[in-house]
Amino acid sequence: MSYWNTNVARHPGILRAVPAGCATALDVGCGDGLLVRKLALAVSNVTGIDKSPEMIAQARSLSDDTFVEGDFLSADLGAYDFICSVATIHHLDFEAALTRMRDLLHPGGALVVVGLARDASVTDRAATIAAAPIVRIVKTARRAHGPEGMPAMQPRMSYREVRTTAQRLLPGVRYRRHVLRRYSLTWQKPS
């Protein structure tokens with residue numbers, strides 16, 4: 001199954017962040033497993049976790065990769081060389097989820113989180129308004145859509161709150177705001 005949306009647009013950057021020699025990877029909030037299937041082309045042991053039974057059923061129907069149905073914050077998981085999450089962390093307790101991702105990483109492992117945040121300032125709203133025509137054109141041109149049944153939720157944290165909390169929990173994290181209403185956090189755990 002192939003499709004494109006503003007989350008899938010971030011996949012190439014995520015795949016570029018996979019560290020050399022990576023043997024284990026985890027996709028938090030894997031949905032139908034599209035990113036898991038892409039990661040499996042480069043990483044020998046990839047696991048996807050999602051709380052939605054419908055999404056896990058779709059993922060399992062599309063590949064033989066490992067999928068866990070459950071709550072990321074409490075599921076019994078291993079340790080990983082690479083952890084990623086796309087448009088999921090705003091569904092969770094942000095601080096608890098980021099801390100758990102950090103703790104599940106092997107020393108030297110890499111973490112990439114792509115998330116959504118709410119506009120909370122005049123600058124945020126201006127950036128969203130300025131990008132709106134580009135977003136609309138890109139979504140129309142790419143015929144943006146995603147898998148059926150994907151849970152949706154409005155983000156509670158502002159971009160500033162995300163950046164500040166991430167910098168506190170992940171010293172040296174790289175925060176970047178993207179045009180298509182997303183931000184990314186990229187971090188390497190010290191060896």
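Predicted model: local features only at pLDDT ≥ 70, side-chain atom pairs only at ≥ 80, totals over all residues.
Student: OK, what order do the strands of the open sheet have?
Tutor: The seven strands run β3-β2-β1-β4-β5-β7-β6 with mixed pairing, where pairing needs at least two DSSP bridges between two strands, and strands (E, at least two residues) and helices (H or I, at least four) are DSSP runs numbered from the N terminus.

Student: And which are the edge strands?
Tutor: They are β3 (66–69) and β6 (174–178), each of which pairs on one side only.

Student: In which sense do β4 and β5 pair?
Tutor: They pair in the parallel sense, over six bridges, and Tyr80 has Leu105 in β5 as its bridge partner.

Student: Switching topic, which residues have the most contacts inside the largest nonpolar core?
Tutor: Phe72, Leu98 and Leu185 do, in a core of 29 residues; such a core is a set of buried Ala, Val, Leu, Ile, Met, Phe, Trp, Tyr and Cys residues joined through side-chain atoms within 4.5 Å, buried meaning under 20% relative accessible area with a 1.4 Å probe, protein chains only.

Student: Which element gives the most to this core?
Tutor: That is α4, with five residues.

Student: What does Leu98 touch?
Tutor: Leaving aside residues up to four places away in sequence, Leu98 touches Ile89, Leu111, Val113, Ala166, Leu169, Leu170 and Leu185, contact meaning heavy atoms within 4.5 Å.

Terms used
Residues numbered from 1 in each chain as written. Heavy atoms only, no water. Buried < 20%, exposed > 50% of the residue type's maximum accessible area, 1.4 Å probe, protein only.
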